[in-house]
Amino acid sequence: MAQSKRSPVQVSKPFTNVPALRRRPAWAALEQHHQTVKDVHLRQLFAEDSKRGDRLALEAAGIYLDYSKNRITDETLALLLRLAEESGLRDRIEAMFRGDSINVSENRAVLHVALRAPRGASIIHDGRNVVPEVHAVLDKMTDFTQRLRSGAWKGHTGKRIRNVINIGIGGSDLGPVMAYEALKHYSERAMTFRFVSNVDGTDFAEAVHDLDPAETLFIVSSKTFTTLETMTNAHTARDWLLAALKGEEAAIARHFVAVSTNAAEVAKFGIDTANMFGFWDWVGGRYSMDSAIGLSTMLAIGPDNFRAMLNGFHEIDEHFRSAPFERNLPVLMGLLAIWYNNFFGAQTVAVFPYEQYLKRFPAYLQQLTMESNGKHVTGDGINVDYDTGAIYWGEPGTNGQHSFYQLIHQGTRLIPCDFIAFARSLNPLGRHQDILLANVFAQTEALAFGKTAEQVKAEGTPDWLVPHRLFAGNRPSNTILLDALTPAALGKLVALYEHNVFTQGAIWQVDSFDQWGVELGKALAQKIIPQLESVTETKLEHDSSTNALIRRYRKRRGAA
């Protein structure tokens with residue numbers, strides 16, 4: 001690959017202070033087209049094309065995507081694909097893989113794709129190939145994992161490590177938690193894995209409640225080793241361990257490892273820097289589960305399964321980079337998301353994995369999607385005049401069917417849905433999988449076609465009850481079908497959504513890789529903490545509401 005440059009990607013300057021997106025011919029054409037198709041029902045589209053279900057489906061890298069139940073025509077697709085071309089999506093993809101600084105507000109490259117590049121690949125950043133560095137960390141993780149899982153690595157008292165607790169927050173927690181739950185079928189069941197992220201003391205207290213400190217290892221995941229929540233929990237863990245091991249400071253090095261880049265702070269904490277696993281500033285937190293941040297994942301499922309997951313990531317990376325847009329899974333999903341967000345005014349996207357192991361996948365996607373594209377300015381700093389960053393949410397099926405599906409079927413809001421399913425269960429029990437998949441297919445059919453008044457009446461329903469039992473249908477959905485939830489399949493799914501998010505951000509012209517929106521609240525909290533902890537009353541200079549809340553808390557806590 002060509003050598004990358006550290007300067008940000010140069011974006012053509014707009015003629016006005018209006019984002020270029022609205023001036024693209026395809027955008028204007030889509031606005032006009034929407035007026036002609038917005039009321040066309042999926043019943044009509046399927047009636048007019050008996051092959052629609054086969055034609056509007058795509059299989060690549062072991063993922064089958066049925067997008068036929070979307071409110072689109074061939075013209076819709078053609079215009080969306082033209083919008084992608086006019087928006088320079090291909091150049092944007094190449095810029096990412098090339099290592100250009102497409103994270104413009106932080107002047108950083110975005111190279112999570114390098115984390116899963118095969119050994120021997122070449123991705124040049126700042127004049128050097130970063131792939132050998134990636135594999136050096138993976139090899140170090142592998143060596144540590146093998147020693148700990150085999151029992152060769154022991155705690156301070158000589159006991160074998162049987163409990164692993166990952167301490168992190170945001171991308172240092174959501175990815176590892178999701179991956180552990182998703183791949184629990186492959187995990188080492190003789191070991192206990194837990195995750196602490198919330199600064200609420202309950203999170204830590206419950207995580208260690210029934211554990212033996214002498215058998216417990218903590219992974220402290222913080223790039224700077226200064227993150228408030230993570231380091232508060234890490235110091236509490238340190239105190240908990242030392243209280244049980246008679247205050248022997250030497251015990252820290254046998255019960256703590258770090259995922260960080262700040263060797264000085266790691267050593268100050270008492271962790272042997274030989275047990276520090278690094279990563280790079282071109283890895284964003286929400287894109288880091290396949291870096292050293294995934295150490296807990298590797299400890300749980302083993303190095304071979306971890307590398308299989310990386311191979312799954314890489315397979316979708318290569319598909320995204322090379323496949324023509326009309327045959328490109330992430331691009332098509334991203335363009336459909338644009339269609340509903342910006343032309344139908346849909347504010348949310350629901351993701352329903354019909355696989356219990358994926359119960360944390362929607363929560364993981366919330367950070368991936370909303371932290372990436374929840375932006376109000378373009379990369380040029382121009383205020384957008386269109387919606388960005390839909391709200392992602394969901395629960396595993398079939399649980400949701402007995403709660404919020406009511407709103408999706410008969411409510412007043414349009415909610416595009418992604419249904420994720422697997423042909424084979426990892427735990428085959430009688431008829432369970434057939435019943436589970438029947439529900440997937442039935443829900444997408446019901447959402448698309450609904451139930452007319454005539455159909456309801458034909459069932460003998462009284463006239464007064466007909467409106468209550470009517471299903472309007474025309475509710476769009478994608479169905480994503482894979483063979484089984486293997487480590488490789490998980491990698492493919494995560495990469496599918498990563499590049500889906502990338503596609504949307506590229507069209508909207510936003511920087512999908514910074515997260516300044518999380519900073520203000522954290523900065524204000526740092527000012528308020530000493531005001532809450534002070535033994536004497538302090539001068540408060542917040543707004544009247546915040547001042548009153550601080551005083552009320554101090555009074556209830558018994559402070560001055």
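## What counts as a cavity

A cavity here is a set of grid points where a 1.4 Å probe fits but cannot get out, and a residue belongs to the lining if it has an atom within 4 Å of such a point. Keep in mind that this is a predicted model. It holds 5 cavities of 30 Å³ or more.

## The largest cavity

The largest cavity comes in at about 100 Å³. It has 13 lining residues, and the ones closest to its centre are Ala 337, Val 349, Pro 416, Asp 418 and Asn 478.

The largest share, 4 residues, is down to α14. Sorted by class, the lining has 8 nonpolar residues, along with 4 polar and 1 charged.

## The second largest cavity

Next up is the second largest cavity, with about 40 Å³ of space. Its lining is made up of Ala 337, Tyr 340, Asn 341, Ala 346, Thr 348, Val 349, Ala 390, Pro 416 and Gln 504.

How do the lining residues of the second largest cavity divide by class, and what number of them is charged? There are 6 nonpolar and 3 polar residues, and no charged ones.

## Where the two linings meet

Ala 337, Val 349 and Pro 416 turn up in both places: they are among the residues closest to the centre of the largest cavity, and they also line the second largest cavity.

Note on methods:
Residues are numbered from 1 along each chain as its sequence is written. This is a predicted model: local features need pLDDT of at least 70, side-chain atom pairs count only at pLDDT 80 or more; totals for chains, interfaces and linings use all residues. Side-chain values use heavy atoms; hydrogens and water are left out. On a 1 Å grid over the protein atoms alone, a cavity is a set of points where a 1.4 Å probe fits but cannot get out, and a pocket is an open set with protein on both sides within 12 Å along at least five of seven lines; lining residues have an atom within 4 Å of a point. Grid points are joined across faces, edges and corners, and a volume is the space filled by probe spheres set on the points. Helices (H or I, at least four residues) and strands (E, at least two) are DSSP runs, numbered from the N terminus. Ala, Val, Leu, Ile, Met, Phe, Trp, Tyr, Cys and Pro count as nonpolar, Asp, Glu, Lys and Arg as charged, and the others, Gly among them, as polar.
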